[in-house]
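Biologist: I am new to this structure and would like to go through it slowly, one question at a time. Could we begin once the sequence and the model are in view?

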Amino acid sequence: MKKNALDMSFDELKFYMESVGEKSFRAGQVFKSLHRGLDFSEMTDIPKTLRERLDGEFAAQGVKIIKSLKSVDGTEKFLFALADGNVVESVLMQYKYGATLCVSTQVGCRMNCAFCASGLNGLVRNMSSGEILGEVIAANRYAGGDLADKRKIINIVLMGSGEPLDNYDQTVKFIKTVSCKEGINVSVRNISLSTCGLVPKMYDLARENLAVNLTVSLHSPFDEERKRIMPVAKTYSIREILDACAYYFDKTGRRYIFEYVLISGENDSARHAEALIKLLKGRPCHVNLIRLNEVKERGLKGGTEKDAYRFMGTLNDGGISATLRRKMGEDINGACGQLRRRYLEEQPETGIE
Ligand code: SAH
């Protein structure tokens, strides 16, 4: 299989050009073209011999859009094929201030949270930095975007399938490459990384000095109940997670966010809201409430919109900054891992897994 050209950082591409006797400015040209989403045959600003050399050794774009679905609310979901035939998904959401792309970082996931579709079949494999980057570049080109001020993708959230900190090195390389000024150049301030709370890796991330927005999936203020919803809670306690968040804030000066999926009868009572207030009061954080997108295999139920607003009101009254995330893309299998799952169900004969 050819190597994925998008796996190269700008410095690695420069090194490659030098190693094959090309002028180093070619690295800049090729890096820009790759980040525009071009194939080598479309790179008419470089000599044909170089195009052919690159084409012989690399695939220009590591992922290919094989399906796109548009929701009535404008949300668009992409299914990508990777070079080895695996599929992953990302979601493009339109907001007033521009588009946000939610990317996957692993094929499947081994965290197996009780509400989530991504973990149903476990982890298949990690994605490489170039494959994650490929999602951004393909979606940006598809949406008619280019580089710099012509970019269509303004924000990136690492909240698709997979646990980004379980694929730490490739995730960090992705963040560095996607924010490299020679390429598509999405500012790290516009990148949010969501984790289920892999505490040691949260410390590592704080020390990278990348200052991405840190989001932690909390889903319960009680360790014992959290273990039922998220198996990873058996390894790391809420106290340890809060300490790691405080360290992240010390290092980066960035307020952190807790995600809280409201599951009817599990974590959405007044008792939960009161405990959350106690836990988070005075911390530089925000709570993002999410109404459950029901995944049929999981059997959990979401509450009503009214219940969600009541929960939010209790938090706000208790001095906690909290908002309810708009439900988007419900008609197109919006929740994490749902579209890939449907796709695999529909195509059992492909033997992708
Ligand atoms: N592994 C990371 C990132 C992927 S999940 C993490 O755990 O944070 C990102 C978020 O997607 C989770 O916090 C959860 O809030 C949301 N999510 C996953 N499945 C969902 C569902 N069925 N309904 C609503 N939100 C869901």
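Biologist: Which residue is the bridge partner of Leu-101 in β9?

Modeller: This is a predicted model, in which local features need pLDDT of at least 70 and side-chain atom pairs count only at pLDDT 80 or more, while totals for chains, interfaces and linings use all residues. Residues are numbered from 1 along each chain as its sequence is written, and side-chain values use heavy atoms, with hydrogens and water left out. Helices (H or I, at least four residues) and strands (E, at least two) are DSSP runs numbered from the N terminus, and two strands pair if DSSP finds at least two bridges between them. Across from Leu-101, the bridge partner in β9 is Ile-156.

Biologist: Over how many bridges do strand β6 and β9 pair?

Modeller: Strand β6 covers residues 98–102, and strand β9 covers residues 153–158.

Biologist: Which residue in β6 is the bridge partner of Leu-92?

Modeller: Strand β5 (residues 87–95) is joined to β6 by five bridges, and these two strands run antiparallel. Together β5 and β6 form a hairpin, with two residues between them. Within β6, the residue that bridges to Leu-92 is Leu-101.

Biologist: How many of the residues of β6 are buried?

Modeller: A residue is called buried when its relative accessible area is under 20%, exposed when it is over 50%, and partly exposed in between, using a 1.4 Å probe and protein chains only. Strand β9 is mostly covered by this rule, with five of its six residues buried. β6 is mostly covered as well, and the number of its buried residues is five of five.

Biologist: Through which helix does the chain cross from β9 to β10?

Modeller: Strand β10 (residues 191–195) runs parallel to β9, and three bridges join the two. Among the facing residues, Leu-158 stands opposite Leu-193 in β10. The β-α-β crossover from β9 to β10 is right-handed, a term used if, with the strands pointing away from the viewer, the path from the first strand over the helix to the second runs clockwise. The helix in that path, residues 168–178, is α5.

Biologist: What is the angle between the planes of Phe-78 and Phe-80?

Modeller: Rings of Phe, Tyr and Trp (its six-membered ring) pair if their centres lie within 6.5 Å, and planes under 30 degrees apart count as stacked, over 60 as edge-to-face and the rest as tilted. A search of the whole structure finds eight aromatic pairs. One of them joins Phe-78 and Phe-80, at 6.1 Å centre to centre, and this pair counts as tilted, with an angle between the planes of 45 degrees.

Biologist: Which residue is linked by ring pairs into a cluster with Phe-78 and Phe-80?

Modeller: Phe-78 and Phe-80 are both buried. Ring pairs link these two phenylalanines into a cluster with a further residue, which is Tyr-142.

Biologist: What is the distance, centre to centre, between Tyr-256 and Phe-258?

Modeller: Both Tyr-256 and Phe-258 are buried, as Phe-78 and Phe-80 are. The planes of Tyr-256 and Phe-258 stand 80 degrees apart, and their pair is edge-to-face, with a centre-to-centre distance of 5.6 Å.

Biologist: Is Leu-69 buried or partly exposed?

Modeller: Leu-69 lies in strand β3. Its C-alpha atom and that of Pro-47, 22 residues apart along the chain, are separated by 38 Å. The relative accessible area of Leu-69 is 26%, and therefore this residue counts as partly exposed.

Biologist: What is the relative accessibility of Asp-243?

Modeller: Asp-243 has its place in helix α8, which covers residues 238–252. The C-alpha atoms of Asp-243 and Leu-34 are separated by 40 Å, with the two residues 209 apart along the chain. Asp-243 counts as partly exposed because its relative accessibility is 40%.
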